[in-house]
Amino acid sequence: MSNVLVFGHQNPDNDAIMSSVVLSQLLNQVEFDGNTYQACCLGPLPAESAKLLEDNGVAAPTLIDAIEPAAEGEEAQLVVLCDHNEPGQSVTGLENAVIAGVVDHHRFGNFTTAAPLHIVALPWGSSCSIVAKLFEVLGVDPTDVQAKLLLSAMMTDTLMLKSPTATAIDAAIAKKLGDQIGVDPVKFGMEVFLTRPSGSFTAEQMVGNDIKMFEVAGKSLLIGQYETVDKTRALGMIPEIREAMRAYQAEKGADGIVLCLTDIMEEGSQVLLEGDTAAAQKGLGIADESDGVWMPGVLSRKKQVAAPILAAAE
């Protein structure tokens, strides 16, 4: 029997946290492959995740910094990746681990393994939608707490089902979970979203709290997203935000950085660019304007920002 570490991507969002936590619980409930499963995370918990876990008496995932090589005569650490698969978005030392499984709703990039593994990857709006489906597949009913955690992440990741990544399947799963715990999914999701202390976010937090690294035409490009119900404050901080973008880019050794200031009420994003962003400008069809460029309807980093940038670089 092995202890398997289950974790989401760096700079975790609510979906990365809750998919790891609830998937670990599910796999432990069914004693999957005879192993134990430990929920972990690769960074501080988002405010909404921390509150939901504390309010519902669920232990926070264990923070890990890296996976070290196995000692001589010992087996490598087994891991399950949630809400990501690209090594550049994962734990330091991932090459020292054996990836036993992946549960994800993103594209696959630079992903190879030495042995077969369990992969559940579906083009749905949230990794927690997939975890919810796995309960059904494995013949287990989620508890009310598990349903609440899953629904919270489904709503925040799909921006209350407004994102173009949201599917009819996500809506159906959300309704089922909402019915179980007696809430309207969209109203519940907005309540969860509003627990974020957005009015006190610093420029550094706006840049670094939800950001991922992508390899684009041989160069490293950071794509971040700050979600708010009112972009006014963020627009008044653009000089500070740009300074924070340049600092974060330098810290991570990236060639360029894209930041989407997403207003979920106005349903669009103000897009800021720093560094080498030629591929981003081409893919998004925008120029590098000092105040950024408003892109109406752009809510999804995955589908409306990263995808066209990667396509333009091919």
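Colleague: Why does F108 count as partly exposed?
Modeller: F108 has 35% relative accessibility. Buried means under 20% relative accessible area, exposed over 50%, and partly exposed in between (1.4 Å probe, protein chains only). So F108 is partly exposed. This is a predicted model: local features need pLDDT of at least 70, side-chain atom pairs count only at pLDDT 80 or more, and totals for chains, interfaces and linings use all residues. Residues are numbered from 1 along each chain as its sequence is written, and side-chain values use heavy atoms, without hydrogens and water.

Colleague: What makes F111 buried?
Modeller: F111 reaches 18% relative accessibility, so F111 counts as buried.

Colleague: How many aromatic pairs does the structure hold?
Modeller: Two. Rings of Phe, Tyr and Trp (its six-membered ring) pair if their centres lie within 6.5 Å; planes under 30 degrees apart are stacked, over 60 edge-to-face, the rest tilted. F108 and F111 are 5.4 Å apart centre to centre, with 85° between the planes: edge-to-face.

Colleague: What makes F201 and Y226 an edge-to-face pair?
Modeller: Their centres are 5.5 Å apart and their planes 80° apart. F201 sits in the loop between α6 (185-193) and α7 (203-208), and Y226 in strand β8 (residues 219-228), so the pair ties together parts 25 residues apart in sequence. Helices (H or I, at least four residues) and strands (E, at least two) are DSSP runs, numbered from the N terminus.

Colleague: How do you know that F201 and Y226 are buried?
Modeller: F201 has a relative accessible area of 13%, so F201 is buried. Y226 is at 7% relative accessibility, so Y226 counts as buried too.
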